[in-house]
Amino acid sequence: MSTKTRMSLAAGVLAATVSTAGAQPDPVTVRASSAFDGRGRSVPDATVVVHGGKIVSVESGRSRPATYDLGGLTLLPGLIDTHVHLDTHFGKDGRATSQGETPAQSMLYEAENAYVTLMAGFTTVQSIGSPLDVDMRAAIARGIMPGPRLLTSIRPVNENTGTPEQIRAFVRKVKADGADLVKLFASKSSREGGGQTMTDEQIQAACGEAKAVGLRSWVHAHSPSSVRAATLAGCTTVTHGSQVTDMELRLMQQHATYFEPNIGLVSQNYLENKSRYFGIGNFNEEGFAFTEKGIPMKREMFRKALAVTGLKLLMGTDAGAGAHGRSAEEIIYRVQIAGQPARDALAGTTSINAQSLNLADRIGALAAGLDADLIAVDGNPLEDITALRRVVFVMKGGVVYKNVARSAHK
Ligand SMILES: [Zn+2]
């Protein structure tokens with residue numbers, strides 16, 4: 001990117017940010033060359049009408065004047081990442097740790113991550129999860145600070161949380177503290193081989209109690225046995241699943257368990273930033289060897305998952321320090337390297353992700369009655385998925401947070 005382009009981009013962001021404070025004409029119309037509605041439908045010459053923060057209509061044709069005429073761009077629903085760690089960052093010494101920081105410093109790093117995530121077109125993310133998220137979620141919801149709609153698990157359950165009864169009490173406590181979901185660590189990290197850690201009874205207690213109090217459950221599970229236990233316990237989603245076989249994939253399909261593999265960003269990011277992670281916890285030589293071996297393994301696992309008709313595949317990245325703002329790389333990898341059709345990958349990151357969050361009636365599609373979360377990308381992602389790297393317009397809840405369409409197209 002040239003300095004001039006960078007400057008005009010920055011000016012565009014500033015102008016867009018300032019304009020959010022003032023009143024916008026209502027209704028607002030956003031027009032582009034085409035739209036993909038998130039549910040499988042493409043709309044040529046699309047105009048989306050927005051009123052009161054909601055989508056009123058999605059039309060083809062030019063019968064109305066456009067508030068935002070986005071020329072050769074493609075409109076998409078705001079993207080959703082079901083798995084980020086919004087608090088993680090490279091700290092003062094450039095390392096992937098927040099050691100020695102004040103709470104205010106940690107919070108500002110999280111605010112930066114929220115900002116770059118929204119600017120990359122992700123209007124909703126699920127943070128899995130940190131106590132900092134609760135105040136960040138409230139700050140973003142106040143509507144001034146730019147960030148994605150935020151969901152959080154706050155604190156996870158693991159094998160040391162206690163007996164099934166203690167685990168149930170823990171779940172009720174995180175619910176009372178404001179959690180949107182319950183995160184379980186049911187297996188070791190992939191850097192330690194991924195074996196099951198929580199017992200079947202502990203997993204049943206956590207997911208059962210989550211359901212009883214109206215929360216979804218998200219289970220970190222690599223090994224086949226941990227994935228089977230989570231699926232049979234009725235947990236909402238299995239995340240990672242790097243070692244699953246056809247049997248577990250079919251089991252998840254049969255139980256309507258969502259499956260959220262992370263194949264295109266998280267491991268690659270650790271390797272790209274090895275020196276910043278090395279020496280922290282299990283980020284040692286052995287751990288990195290597992291990470292490197294895991295990349296082709298996960299790619300093959302994903303291809304098997306694609307072959308299981310009816311399996312509900314989610315787009316979650318597990319983004320940590322170094323990966324924030326790059327969540328689209330997971331989608332691009334799935335399409336370019338693992339062979340998922342772009343239409344399915346885009347539905348995964350919009351309408352199917354919204355379903356998995358129990359928010360399908362509010363987000364995840366360009367459809368009348370839903371929140372006006374929409375983005376525009378430079379190019380047509382159905383033909384060239386790398387268009388997702390070129391997000392030039394971001395609207396969340398009817399508010400425009402980014403509009404660099406004109407300067408980017410000069
Ligand atoms: Zn994670």
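Me: What do the buried residues of helix 5 pack against?

Reply: This is a predicted model, and in it the buried residues of helix 5 pack against helix 4 (164–176), strand 9, strand 10 and helix 6 (224–232).

Me: Nice. Which residues of helix 5 are the buried ones?

Reply: They are Q202, I203, A205, A206, C207, E209 and A210.

Me: And how does the span of helix 5 agree with 1.5 Å a residue?

Reply: Helix 5 covers residues 200–212, and its 13 residues should span 18 Å. Its end C-alpha atoms are 18 Å apart, so the two values agree.

Me: How many bridges pair strand 10 and strand 11?

Reply: Four bridges, in the parallel sense, between strand 10 (residues 216–221) and strand 11 (residues 237–240). As an example of who faces whom, H220 stands opposite T239 in strand 11.

Me: Back to strand 9: is K183 buried or exposed?

Reply: K183 lies in strand 9 (residues 181–185). It counts as buried because 27 other C-beta atoms lie within 10 Å, and 20 or more is the cut-off for that.

Me: What does K183 touch, leaving out residues up to four places away in sequence?

Reply: K183 touches I128, G129, S153, P156, V157 and W218.

Me: And where is L388 relative to K183?

Reply: L388 and K183 are 205 residues apart in sequence, and their C-alpha atoms are 29 Å apart in space.

Me: Let's change topic. How is the chain divided into domains?

Reply: Domain 1 takes in 3–77 + 364–409, and domain 2 is 79–356. Their C-alpha centres lie 28 Å apart.

Me: How many residues of each domain are in contact with the other?

Reply: 22 residues of domain 1 are in contact with 21 residues of domain 2.

Me: Which elements give two or more residues to the domain 1 side?

Reply: Strand 5, strand 14 (391–396) and strand 15 (399–403) do. Strand 14 gives the largest share, three residues.

Me: How do the residues on that side divide into nonpolar, polar and charged?

Reply: The side of domain 1 that touches domain 2 has 12 nonpolar, five polar and five charged residues.

Me: One more area, strand 1. In what sense does strand 1 pair with strand 2?

Reply: Strand 1 (residues 28–36) pairs with strand 2 (residues 42–51) in the antiparallel sense, over eight bridges. Within that pairing, R31 has T47 as its bridge partner in strand 2. The hairpin they form has five residues between the strands, and G38 takes a positive phi near 90° in it.

How values were computed: Residues numbered from 1 in each chain as written. Predicted model: local features only at pLDDT ≥ 70, side-chain atom pairs only at ≥ 80, totals over all residues. Pairing = 2+ DSSP bridges. Domains from an automatic or database assignment. Contact = placed C-beta atoms within 7 Å. Nonpolar A, V, L, I, M, F, W, Y, C, P; charged D, E, K, R; others polar. Buried ≥ 20, exposed ≤ 12 C-beta atoms within 10 Å, placed from the backbone. Expected span 1.5 Å × (residues − 1).
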